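This report walks through selected elements of a model and the contacts that they make. Please keep the sequence and the coordinates at hand while reading.

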Amino acid sequence: MTKLIQLLIIGIATGSIYGLIALGFVLVYKATRVFNFAQGDLMMLGAYMLTTLAAHSLGLPAWLAIVLAVATGAPIGLAFQYVFARPLIGQPFLPVVMATIGASLIIQAVVLIAWGPLDISYSTQFPQDVFRVSGVRISSFDLVTIAIAAGCVALFALFFRLTTIGLQMRAAAEHNEAAILSGINVHRVSLVSWGIGTLLAFVAGIILANAQGAVSFSLSGLGLLAFPAVVIGGLESVPGAVVGGVIVGVLQALIGGYYDPLAQNSLVYAALLLMLLVRPYGLFGQREIRRV
Amino acid sequence: MTTATYETRYRRQQRLIRTRASAVWAAVLTAVVLYLPWVVFHHSLLGAHLTKHMLLNMNMTQLNVMLIVLVGAVGLNLLTGYTGLISIGNAGFFALGAIVAATLGGTHPGWPDVPFPVVVLAAGAAGAAAGAVVGLPSLRIRGIYLLLATLSLHFLMVWLFLKFQTTYFGFGGIQFLKPASLFGYALNTDIRWYYFLLGCAAVALLLTKNLLRTRQGRAFVAVRDHPIAASMAGINVPRIRVTSFAVSSFMITAMGAVYAWYLGAASQDNYTLLLAIQFIAIIVIGGEGSLVGTVLGALLWQLIPNALLAFSEMASGISPGIRHTVATWQTQIANIIFGVLILLVIVFSPSGLAGLWAKVKRTFVNWPYTG
């Protein structure tokens, strides 16, 4: 029982990171209909950015390095939109996916060339102490992670509800042509979505760098776990992305704890397949009626 | 001006080679591919010596791997280019092929030792079955879900492979020590392998070409272009999709068995998602829905990294640093080039290099009436 609770806490903490990546993905998908295969690679890019900004030679305080690294996410997302998404507006679904797959090839290669294949160590400034609550060991970093993720989701929800651009984004996601007709600048909506989507990926990457104490190329594999998360939650559901991420994290922790740590990244995909079999529209997605 | 090749008889229209020009092309290409291994192996062209750089550092192994990849890409193009479904499962299917080859190929004491051709066919059958199981649910709903289903197939297969490898063979990988033999003819040299693989590629290309000329094959294209219209025309869309996925998985997995056997060893590191992505790059750059394009794409896949290295070696006289940089990051630089090419092709020439070639040809044929 203690072990189960322990694993659940770890799973929720890592899962909330996946939830952030998935949230960024869903946001872009809803607003622009681009299935961004490179979302996980953007997450990795964020983690590597942090190692550069936090390097001793720059002499930045740790918190400033983190803030700056998060901030670089927005311009990178905008650049990504200009290079990979904008030339493809109006193209059918398949070429767009392929372009983002090409983007993933490029980002991975650039990261390897720029930062090298070796792990880069990074010393976190977050509290790493562990305390015990009736036998269950809880790392305070896990709590920090959950808090940051919850904060991001709350901010995001407020942004969606309270700002004009948030309203425009919801409108564009609901019905793109109607949004254009009512005078919404869909291009700006797309830019903002890419900016926020990438920012969220960067936040996730930076939390992962802090959690692991090192940044390595294996992060690209972790980034792909956003896909089981979005399928479980529903491709077009914002709350679904977060819930899906947490489910993936918990599944991963349970597989690792009770079966085989080596299998924890792979077997999660069995859940994806099962979901496609039973409820392809996900837990929160809308059931599509298409008879072809 | 020539607008098209017209036939007056239906039988002529059905022929594979319809014009004299394509007959000449076919003859020249056949001669070239048959003679190629001698050029690459002996570094000489009709008696004239060629330097390593003139051949872009090509060697027999690379030539053979390229042929294997070509067949895998033909399988993927049948699915993506002709049926309009995207799969990222090629590396996973290759891993499955290696598992079947290791199980049936007498690599482990006490396990069955089946003749090589049977192993290859069995691998193909396993691939078709796995493809149907994984693809079935997703093919019924929407195209993108196949991407996600094959992504999970990739990770599950690679994990299964790792489990299989570490349980029975250890961390070093699976060794295929017995030389493959084809009806008593041992494939023990690279040149023999080349002709065998060339045969495989020819069979795959011809079979696909012929499949696309049948009712079934035209249904693939109809489903790609407009699923709703296709179903109105009496095509069972889910069934066509599953058929296409099964045929494509058959070819890819059969080649996975050949690949493992040709390399002589298979380990988990061979089957990365990057490999699967490179297959997608091959068919997008070469041309979706074009067999010529698939061949061009596979050629580029092998030649770009080689050319990079060869050029950097030639340029090392000017700047010695280049050679080292390119040698260190050869794969990465090639991947960046592939990524950029994918984007350029999608934006400027959606039918890939094959489409570009057709455009150039049309320009010359219709000259000066080209607009």
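In which helix of chain A is A:Val83 found?

The model is predicted, and in it A:Val83 belongs to helix α3 of chain A, which covers residues 62-85. A:Val83 counts as partly exposed because 14 other C-beta atoms lie within 10 Å, a number that falls between the limit of 12 or fewer for an exposed residue and that of 20 or more for a buried one. Between the C-alpha atoms of A:Val83 and A:Ala229, which are 146 residues apart along the chain, the separation is 27 Å.

The mean pLDDT of chain A is 89, with 98% of the residues scoring at least 70. Within chain A, the highest confidence belongs to helix α2 (residues 39-53), at a mean of 94, and the lowest to strand β2 (residues 130-133), at 82.

## Two helices, one in each chain

Helix α1 of chain A (residues 2-32) has 31 residues, which at 1.5 Å a residue should span 45 Å, and the 44 Å between its end C-alpha atoms agrees with this. Because 23 of the 31 residues of α1(A) are buried, this helix is largely enclosed by the rest of the structure. Just after α1(A) comes A:Arg33, which adopts a positive phi of about 60°.

Helix α15 of chain B (residues 352-365) passes the corresponding check, since its 14 residues should span 20 Å at 1.5 Å a residue and its end C-alpha atoms are 20 Å apart. The buried residues of α15(B) are B:Gly352, B:Leu353 and B:Ala354, and among the elements that cover them are α11 (273-286), α12 (291-315) and α14 (330-348) of chain B.

## The nonpolar core

The largest nonpolar core holds 209 residues, of which A:Leu50, B:Ala98, B:Ala257 and B:Ile342 touch the most other members. When neighbours within four places in sequence are left aside, A:Leu50 is in contact with A:Ala65, A:Ile66, A:Ala69, A:Tyr122, A:Ile206 and A:Ala209.

## The interface between the chains

Contacts between the two chains involve 33 residues of chain A and 38 residues of chain B. On the side of chain A that touches chain B, α4 (93-115), α10 (226-233) and α12 (264-278) of chain A each supply at least two residues, and the largest share, 16 residues, comes from α4(A). Sorted by class, this side of chain A has 30 nonpolar and 3 polar residues, and no charged residues.

Technical notes
Residues numbered from 1 in each chain as written. Chains lettered and ligands numbered in written order. Predicted model: local features only at pLDDT ≥ 70, side-chain atom pairs only at ≥ 80, totals over all residues. Contact = placed C-beta atoms within 7 Å. Helix = DSSP H or I, 4+ residues; strand = E, 2+ residues; numbered from the N terminus. Nonpolar A, V, L, I, M, F, W, Y, C, P; charged D, E, K, R; others polar. Expected span 1.5 Å × (residues − 1). pLDDT = per-residue confidence, 0-100. Core = buried A, V, L, I, M, F, W, Y, C linked by C-beta atoms within 7 Å.
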